[in-house]
Amino acid sequence: MVAPDVFTPRALYDGQAIAYAPRELALANNGSGTFNVRLGENRAAELGARGTYQIRFTLTLGEQVDAKHVYDLIRERKTSTRALVATNLIQLIMRQGPNMHHTNNGRAHFTGNEKITLPNSGLELWRGTFLSVRPTMGKMILNVDTCSAAVYQSGPLIAICMQKLRLRDARELDLGERDPRFKTLEKFLKGLRMKVKTGGGRSRTQTIRGLVANAGEFSFWKDDTVEMTVADYFYQTHNIRLQYPGIIGVRLTPDSSPRKDVVPLELCELEFGQLFKRKLPDELTADMVRFSAMRPQERLRKIQAAAKETGGYDFVRESGMHMDINPMRIDAKLLDVPQLHFANLQKPLDITNGAWNVVRQRFTNPAKMKYWIVVSFVNNIDQGAIAQRMTSGGASLLKSCQNLEISPTPLIKARANPHDAAGVLYQSARQYSKQIGVPDDNDNFDLFLGQLMVIVILPTNAAGIRSAVKYWGDVKQGVATQCIRESKFDKANDQYWNNIALKINARLGGTNFFSTSEALKEIKSEPFMIMGADVGHPGPGVQKPSVTGIVYSYDQNATRYVALTGIQPPRVEQIVDLKKYVYRAINSFAVKNNGPPARLIFYRDGISEGEFNKVAAIEIGDIKEALVKVYKDNTVPANKPLPLLTYIVVGKRHHAVFFPGDQQGADPRNGNALAGSLIDSGITHPAVRDFYLQSHAAIQGTSRSSHYVVLHDENWNFNMKRVQQISYTLCYNYAKATRSVSIPAPVYSGMLSWNVPHRPQRQGARLRRQHHHRLGLFHYLGHEQVAKRLPARPQKTF
């Protein structure tokens, strides 16, 4: 330890700018001091020496932090600054020990003891431990959970590069700078730490700034006097003769540096435990899901072991904190299951733990599937096989869609060119329109496209083709599309085609089913609107705008939705144009329902606890302003009240995990809590109205609840029972599923609407509907119909 007389007992560092000490540090220079350190060494370092950091301490003017300051929050229900500071300090004490010794991202640490290698990726999956201190009524609790992260493989860099590119011979790494594989490796490795091995046990840590082709032959001036190659330098200086002088090497200097420092790839080793902070490639997502999934009892055992380990770290013991490492026992409730109806005159379906069977059920409002085509981008499926599975009398799509007034003769195109998906789809639509006699003009062709359903069969790992299909259908042409994976198509049975029929009917503007409950019946006495909203952000290092997704219901069963999307500055969580979206939604609702809604229930995903007082408060104000403006512009009588607003934040990115206390409350198949399990006491926040609802039955692993925080409520005046019932009922309105889902349907639709491909738009007649997407995972009003009903400019619609 550097300066043990000053830093005993040890101080805590928050990783940014603040250090906390259990006593006032003995800093000689009027409460400040400067120390020169080298990481990994316990003695002072010389200023200016390689790897030396200078750290300056200055005593702040703030008051001492007392752990009892959390009483403001957990006893008085007051969010004070000193309570937040004390909470952060307790958090830091719990995390400091594991974060000092293990790979971490601040909130979770990863030891590397439990991991798997992902072939041909250069990555591993590590299991870790999440730690967070949270306030609840009367006490502070430690939230412990398992988590997973992608980590770069460590070891010889040449082997990792070969694996990444699926090469067998190191000489194949003789890549030119224009080779796509060179760019792939450079992007993958840039910014990583590595050790350069120079023999005799010597090594030094460096950062990868880029790659260089033909590294052994790269020439430079040594000491500005002698020109030599990298291969010659390492032979003369370190007696190392390169095995592969012609392959790529690592550049240690920035692009802008006039002098390039280059080292051979074969002398480099990636350091252990470097987190992969980019978006995980789509082809690896399934591996992450399988690795992360654990049965409830296994997960509970790992959580208990992690809690015990956390309590043993020095920082926790030195703080004098006492921690009960046993899981908390809290009371839960089981909500009444909503009633689910298909055709209006049929009795409610039997629901078992959030699941139901659609066999022999008729849709509430079947759409017409008048025109449809099937396009396959799979080489090993011929036209005959497609026709058999799509239109035969056995298990087929035609049989499952009988109540959609489906045409029995689609156009089928097999073995289509995957490199021109948009062109193939457009030409197939043109060919089919001529085949059935559609007049050859743009207006009639547009009308035909609005009634067309395109079934697309995709090969394995075809994310690019799917994106092109959805962009062509949802954004460019306004055509409903339904994608089917090759692996599913080969094994399709009646149940599978029934599920596809659910999606098709929804995408064509029909209604599959609806759910109801006492709380929903109560608000149906007057017109009401449900809205769902989310903001999708680009991945780390991606310079693209954030995308907003807003949906709003317009029917009295909250089953049919219209989607609006837009873009805004990157990584801004507040919905910048929310006033515009709400204004437009209320106006169009009024046109459809002969008046505005009396109630507006707004579900918001993606807002963290620290953003409640900023983002949520601004958005509530924006919604209010939009309501006032739409009433004013439509000259609504002054005595007509504004819609009553309820604003609810819904989150799944939390780590509160619930395990049944006995078999009576457990799913007999996997030991998870039952669908409808509600936790509204014991671990809820002392300063806001919140609850946890586990609305679905997990198919694999441990069920995760959703966390609901009610920040504004004019409809029920914070009668949480009604909010809970409405939220649970909406989890049964997910049109493409035959089971309840984990968050209310409009929240899913808000997330999915910003997942519609967005690209620069061209001007043209078919783009007049571009902001209204027929996503089809809920019961949607098709955007052709929206365009007819939405006013082009503010009108007096009430």
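# Chat about helix α11 and other spots

Me: Hi! Which elements cover the buried residues of α11?
Reply: In this predicted model, the cover over the buried residues of α11 includes the strands β20 (371–376), β21 (411–413) and β22 (452–458), along with the helices α12 (442–450) and α13 (463–477).

Me: And which residues of α11 are buried?
Reply: They are Ala421, Gly423, Val424, Leu425, Ser428, Ala429, Arg430, Tyr432 and Ser433.

Me: How far apart are the end C-alpha atoms of α11, and what span should its residues give?
Reply: Helix α11 covers residues 421–435, so 15 residues at 1.5 Å a residue should span 21 Å. Its end C-alpha atoms are 21 Å apart, in agreement with that.

Me: What happens just after α11?
Reply: Gly437 comes there, with a positive phi of about 85°.

Me: Let's go on to α12. What caps its N-terminal end?
Reply: Asp441 does, through a side-chain oxygen that lies 3.2 Å from the backbone nitrogen of Asp443.

Me: Which residues in α12 are buried?
Reply: Phe445, Asp446, Phe448, Leu449 and Gly450 are. Helix α12 is also one of the elements covering the buried residues of α11.

Me: New topic: at what angle do α17 and α18 pack?
Reply: Helix α17 (residues 578–593) meets helix α18 (residues 612–633) at about 45°, and their axes are 8 Å apart. Because of that angle, α17 is oblique to α18.

Me: Which residues make the contact?
Reply: From α17 it is Leu578, Lys579, Val582, Tyr583, Ile586 and Asn587. From α18 the list includes Glu619, Asp622, Ile623, Ala626, Leu627 and Val630.

Me: Is the crossing of α17 and α18 left-handed or right-handed?
Reply: The crossing of these two helices, α17 and α18, is right-handed.

Me: Where is Gln725 found, by the way?
Reply: Gln725 sits in helix α19, which runs over residues 720–730.

Me: Why is Gln725 called buried?
Reply: The relative accessible area of Gln725 is 18%, and buried means under 20%.

Me: What does its side chain make a polar contact with?
Reply: With the side chain of Arg722, at 2.9 Å. Leaving aside residues up to four places away in sequence, Gln725 touches Ser517 and Ala519.

Me: What about His69: buried or exposed?
Reply: His69 counts as buried, at 10% relative accessibility. You'll find His69 in the loop between β4 (52–58) and α1 (71–74).

Me: Which residues does His69 touch?
Reply: Not counting residues up to four places away in sequence, His69 touches Glu63, Gln64, Arg82, Ala83 and Ala86.

Me: Now the backbone. Is the peptide bond from Thr8 to Pro9 cis or trans?
Reply: The bond from Thr8 to Pro9 is cis, and its omega is near -5°. Pro9 belongs to the segment before β1 (12–13).

Me: What is the phi of Asn120?
Reply: For Asn120, phi is near 55°, a positive value in a residue other than glycine. Asn120 is in the loop between β6 (108–118) and β7 (123–136), and at 33% relative accessibility Asn120 counts as partly exposed.

Me: Last one: where does Arg360 lie?
Reply: Arg360 lies in the loop between β19 (339–341) and β20. Arg360 has a positive phi too, near 65°, and counts as exposed at 76% relative accessibility.

Notes. Residues are numbered from 1 along each chain as its sequence is written. This is a predicted model: local features need pLDDT of at least 70, side-chain atom pairs count only at pLDDT 80 or more; totals for chains, interfaces and linings use all residues. Side-chain values use heavy atoms; hydrogens and water are left out. Helices (H or I, at least four residues) and strands (E, at least two) are DSSP runs, numbered from the N terminus. The expected span of a helix is 1.5 Å times one less than its number of residues. Buried means under 20% relative accessible area, exposed over 50%, partly exposed in between (1.4 Å probe, protein chains only). Contact means heavy atoms within 4.5 Å. A polar contact is a pair of N or O atoms within 3.5 Å; within protein, one must be able to donate a hydrogen and the other to accept it, and residues adjacent in sequence count only if both atoms are side-chain atoms. Axes are lines fitted to C-alpha atoms, for helices over the stretch in contact, and angles run from 0 to 180 degrees between N-to-C directions. Angles under 35 degrees count as roughly parallel, over 145 as roughly antiparallel, 65 to 115 as roughly perpendicular and the rest as oblique. A crossing is left-handed if the near helix is turned anticlockwise from the far one by less than a right angle, and right-handed if clockwise.
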